[in-house]
Amino acid sequence: MTEPTLLIRNARVVATLDDDRTEWHDASVFVRGPAIEAIGPSHALPATADEVIDARHHAVVPGLVNTHHHMYQSLTRAVPAAQDAELFGWLRTLYPIWSRLTPEMAHVSAQLAMTELLLSGCTTSSDHLYLYPNGVTLDDTIAAAAVTGMRFHPTRGSMSVGESAGGLPPDHLVESEADILADTQRVIERHHDRSRFAMVRVAAAPCSPFSVSRELMRDSAALARSLGARLHTHLAENDHDVAYSQATFGMTPTQYAESVGWLGDDVWHAHCVKLDAHGIGRFAATGTGVAHCPCSNMRLASGLAPVRAMLDAGVPVGLGVDGSASNDAAHLLDEARQAMLVARVRRSLEPFGCDHGPRDMTARDALAVATRGGARVLGRDDIGHLAPGMAADLAVFDLRSPRLAGGAVHDPVAALLFCGSPRAAFTVVNGRVVVRDGQPTGVDLPVLIERHERLAARLVAG
């Protein structure tokens, strides 16, 4: 059977983010099936295909990669009682609400979160679902990815240490460790696909040092590695998180992670705001990845992660929007913009005379973290940049937006970050157009939003 073809024709610029950061002007991208077949000057590529997108006045970039999310939290955005809390207080406020989550809520909230990401030019997303009340399963979110067309890395999260055992979550929200391990094995064996261009890959993801035991951390790592899956958790998110590790384990977060087998090139940790020099060194030496979540870190007053130091040391760093109840948005291009700005503002927190400032994160550096960086963190060599043989995951932005006027004419790639964060005109995943003319193709957006709002009101009202 002949594979379908797609031509993105006459783009103003195609920023490949390849090793040389090649940028083609007046260029086209030709796609066959799930893969890119050719990129270059429009006159040198085929003139037609089964589907043709006229990309005049548009910029084409690799599909963005989201390495950390809690999609169910889109149901609890801007909840008044949690608006002004730091991490631990925020969690204690929301745990009772989240305990009412249902399978329908998990499925619909994941559809909404994925649609929002796709509209921002994000083509691959992780999701950390770590609570399973009322019959919720990871399958509920995986089914949502099939509807929206997103490339998906769901993680089977877990909590096993409740308040009565010194943990943070209420006892009724934790699971037995035997059940956690059994279901983790089930979803990996059922859904995890290690093939090139895989649309679903599953990871094991005990939630955090303050909600699971050492034994579960060790056992989860052993199980995931035996099945060829990756590992994900939260680490060193704020000062209270660090203090908990010191008081409970007598170790820094990095030392604790290493003691339970959670450093390695198959591991990525969310946040790492308080990663110290020793931690950065160990992460770099072992290839351990970081999901940088600047908006959430600012929203919860957790701090500013030392991303420039991580990158300079060789730590794999990608971006994460984090939960929609701690970011209140899931616009990954905006997350890249915030990463650029946060890296620059750290200058005011460093010792006098340090050599930091605007060059600590250029627009193209931030875009690279949002694409190539995320691909590396998720252990993928088939996404993250544009080249023949790579997955046809692309985001196409209309440069005629009022917010880009006067910027796109000078530097259309940098303007995507400096001038604001536009909605994607087209988003392509695995060669399939999933956003066309600024609208999702897999869902009826007004119907989805109405259903999502009804469920959000029900969840919070109880």
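Predicted model: local features only at pLDDT ≥ 70, side-chain atom pairs only at ≥ 80, totals over all residues.
1. Let's start with the layout. On the domain 1 side 41 residues take part in the contact, and on the domain 2 side 33 residues do.

2. Next, a helix pair. Helix α2 (residues 103-119) and helix α3 (residues 138-148) have axes that come within 8 Å and cross at roughly 40°. That angle makes α2 oblique to α3, since anything under 35 degrees would have counted as roughly parallel. The α2/α3 crossing is right-handed. From α2, the contact uses Pro 103, Ala 106, His 107, Ala 110, Gln 111, Met 114, Thr 115 and Leu 118. From α3 come Asp 140, Thr 141, Ala 143, Ala 144, Ala 145, Val 147 and Thr 148. Sorted by class, the residues joining α2 and α3 are nine nonpolar, five polar and one charged.

3. Helix α3 also packs on α4, at an angle of about 25° and with the axes 11 Å apart. The handedness of α3 passing α4 is right-handed. On α3 the contact residues are Leu 138, Asp 139 and Ile 142, and on α4 they are Arg 186, Val 187, Arg 190 and His 191. By class, that α3/α4 contact holds three nonpolar, one polar and three charged residues.

4. Moving along, α4 (residues 177-191) packs with α5 (residues 214-226) at about 20°, and their axes are 11 Å apart. The pair α4 and α5 is therefore roughly parallel, and α4 passes α5 in a right-handed crossing. What does each helix bring to the contact? For α4 the residues are Glu 177, Ile 180, Leu 181, Thr 184 and Gln 185. For α5 they are Glu 215, Leu 216, Asp 219, Ser 220 and Leu 223. Between α4 and α5 the contact residues divide into four nonpolar, three polar and three charged.

5. His 271 belongs to strand β11 (residues 267-271), and its phi is near 85°, a positive value in a residue other than glycine. Cys 272 is placed in the loop between β11 and α8 (277-286). The phi of Cys 272 is near 55°, also positive in a residue other than glycine.

6. Are His 271 and Cys 272 buried or exposed? His 271 has a relative accessible area of 1%, so His 271 is buried. Cys 272 comes out at 0% relative accessibility, so Cys 272 counts as buried too. The cut-off behind that label is under 20%.

7. Last, Ser 302. You'll find Ser 302 in the loop between α9 (294-299) and α10 (307-313). With a relative accessible area of 4%, Ser 302 is buried. Which residues does Ser 302 touch, not counting those up to four places away in sequence? They are Glu 237, Asn 238, Val 273, Lys 274 and Asn 297.

Methods
Residues numbered from 1 in each chain as written. Heavy atoms only, no water. Helix = DSSP H or I, 4+ residues; strand = E, 2+ residues; numbered from the N terminus. Buried < 20%, exposed > 50% of the residue type's maximum accessible area, 1.4 Å probe, protein only. Axes fitted to C-alpha atoms, helices over the stretch in contact; angles between N-to-C directions. Parallel < 35°, antiparallel > 145°, perpendicular 65-115°, else oblique. Left-handed = near helix turned anticlockwise from the far one by under 90°. Contact = heavy atoms within 4.5 Å. Nonpolar A, V, L, I, M, F, W, Y, C, P; charged D, E, K, R; others polar.
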